[in-house]
Amino acid sequence: MLSSATATAARIDRPMLKRQFKVVAEKFPTFLPGDVERIKDKFALKLAARIERLPVKVSFSEDRIMSSCVTPLMRKETSPVVLLHGFDSSCLEWRYTYPLLEEAGLETWAFDILGWGFSDLEKLPPCDVASKREHFYKFWKTHIERPVVLVGPSLGAAVAIDIAVNHPEAVESLVLMDASVYSEGTGNLATLPKAAAYAGVYLLKSVPLRLYANFLCFKGVSLETKWDWTKIGRLHCLYPWWEDAAVSFMTSGGYNVTSLIKKVSQKTLIVWGEDDQIISNKLAWRLHGELPNASVKQISDCGHLPHVEKPAAAAKLITEFVRETCQCKEVESIS
């Protein structure tokens, strides 16, 4: 379990953010599930109000996919930073760190991976790895077009590595946070009968399981806060197509990027919470040894989700990395 210092640090970070990130009454996009109104976290609400859907044309769907993301307020001279999220999550993971990156002068995008988040999947496309990869690439080619700093936490790190190796022209550098890159996909889950797969994803959607995950990740956080974070974490699961998308990914085999790690050519920053109880920080050093051009930064008193637990520290590391690797001008550092 995480130490109480981790939760204490999280509580210290968020009051600091309140001074920097003014919160007013929000008007939410009509496509968000109505349960967004039940969320109390002001930073989640602020970011939710900025979610939009942009059209992406892919080869595996006749219709353009209206793809959810948070777009930057303005384009910058700096390399764009694109934030992915973890397994079965959404851009709302970045509710605390996103505003700090913007305040640091970075052009910041938060992207919902196909099959998760708040995209319109009423006409369900396949949600396997190849489809997720193409969806991101076509989104990048249509709406960004410049090489990006791709940030992937947890399973998002596997997504980032898969994209960086297969589409190196889109990725200038990588930030991998508490990276889940050594698992062999969805394993035996890929062979489940459809009925059993749907039963599994129904459990994944359940409030008790989502709440339990918060207990694993955050020790010392109040039950009220954990309950609110549970509502944030499962908001995207309320779409009628979510279960189909989850089963599509599960039965496809999922991500297995171990063989791709040594093929990553981009400069990479590995960030790890020293108290990660989900994925051991020893794997940070294994990953460092296998990546050709990487450095490691650890965050003390922090578990598996640095961008949630220690947003100031996470934003500072990302900003410094962007400034160093992209040789950007006029990037304001976070002190």
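**Entry 1: Ser68**

I call a residue buried when its relative accessible area is under 20%. The model I am reading is predicted. I looked up Ser68 and found a relative accessible area of 0%, so Ser68 is buried. Ser68 sits in strand S2, which covers residues 65-70.

Next I asked which residues touch Ser68, leaving aside those up to four places away in sequence. I noted Ile51, Glu52, Arg53, Phe111, Asp112, Gly117, Phe118 and Ser119. I also checked Leu54, which is 14 residues from Ser68 along the chain. Their C-alpha atoms are separated by 6.5 Å.

**Entry 2: the sheet**

I then traced the strands. In what order do the 8 strands of the open sheet lie? I read S1-S2-S4-S3-S5-S6-S7-S8, with mixed pairing. Strand S1 (51-56) and strand S8 (294-299) are the edges, each pairing on one side only. From one strand to the next, the twist averages 25°.

I looked at two pairings in detail. Strand S3 (residues 81-83) and strand S4 (residues 108-111) run parallel and are joined by 3 bridges. Within this pair, Leu83 has Ala110 of S4 as its bridge partner. S5 and S6 also run parallel, with 6 bridges between them. Here Val148 has Val171 of S6 as its bridge partner.

Of its 7 residues, 6 are buried, and I noted the strand as mostly covered.

**Entry 3: helix H12**

What packs on the sheet, touching S3 and S8 among other strands? I found helix H12 (residues 311-326). It also touches strand S5 (148-153), strand S6 (171-177) and strand S7 (267-273). The direction of H12 makes about 155° with that of S6.

Lys316 pairs with Glu320, and their closest N and O atoms are 2.5 Å apart. The two residues are 4 apart in H12, about one turn of the helix. Lys316 counts as partly exposed, because its relative accessibility is 33%.

**Entry 4: other salt bridges**

How many salt bridges does a search of the whole structure find? I wrote down 14. I followed up several of them.

Lys123 and Asp63 meet through their side chains at 3.2 Å, N to O. Lys123 lies in the loop between S4 and helix H4 (129-143), and Asp63 in the loop between S1 and S2, so this pair ties together parts that are 60 residues apart in sequence. Lys123 is exposed at 63% relative accessibility. Asp63 is partly exposed at 36%.

Asp228 and Lys231 form a salt bridge at 3.8 Å, N to O. I placed both in helix H8, 3 residues apart, about one turn of the helix. Are Asp228 and Lys231 buried or exposed? Both are buried.

I also noted a network of salt bridges that links Arg75, Glu107 and Arg146.

**Entry 5: a nonpolar patch**

Leu203, Leu209, Tyr212, Phe215 and Leu223 make a nonpolar patch of about 490 Å². Which helix gives the largest share of the patch? I found helix H7 (residues 207-217), with 3 residues. Leu223 belongs to helix H8 (residues 223-233). Leu223 counts as exposed because its relative accessibility is 55%, and the cut-off for exposed is over 50%.

Notes
Residues numbered from 1 in each chain as written. Predicted model: local features only at pLDDT ≥ 70, side-chain atom pairs only at ≥ 80, totals over all residues. Heavy atoms only, no water. Patch = residues over 30% accessible without salt bridge, like charges linked within 9 Å, V, L, I, M, F, W, Y side chains within 5 Å. Areas by Shrake-Rupley, 256 points an atom, 1.4 Å probe, with all protein chains shown as cover. Salt bridge = Lys/Arg side-chain N within 4 Å of Asp/Glu carboxyl O. Buried < 20%, exposed > 50% of the residue type's maximum accessible area, 1.4 Å probe, protein only. Pairing = 2+ DSSP bridges. Axes fitted to C-alpha atoms, helices over the stretch in contact; angles between N-to-C directions. Contact = heavy atoms within 4.5 Å.
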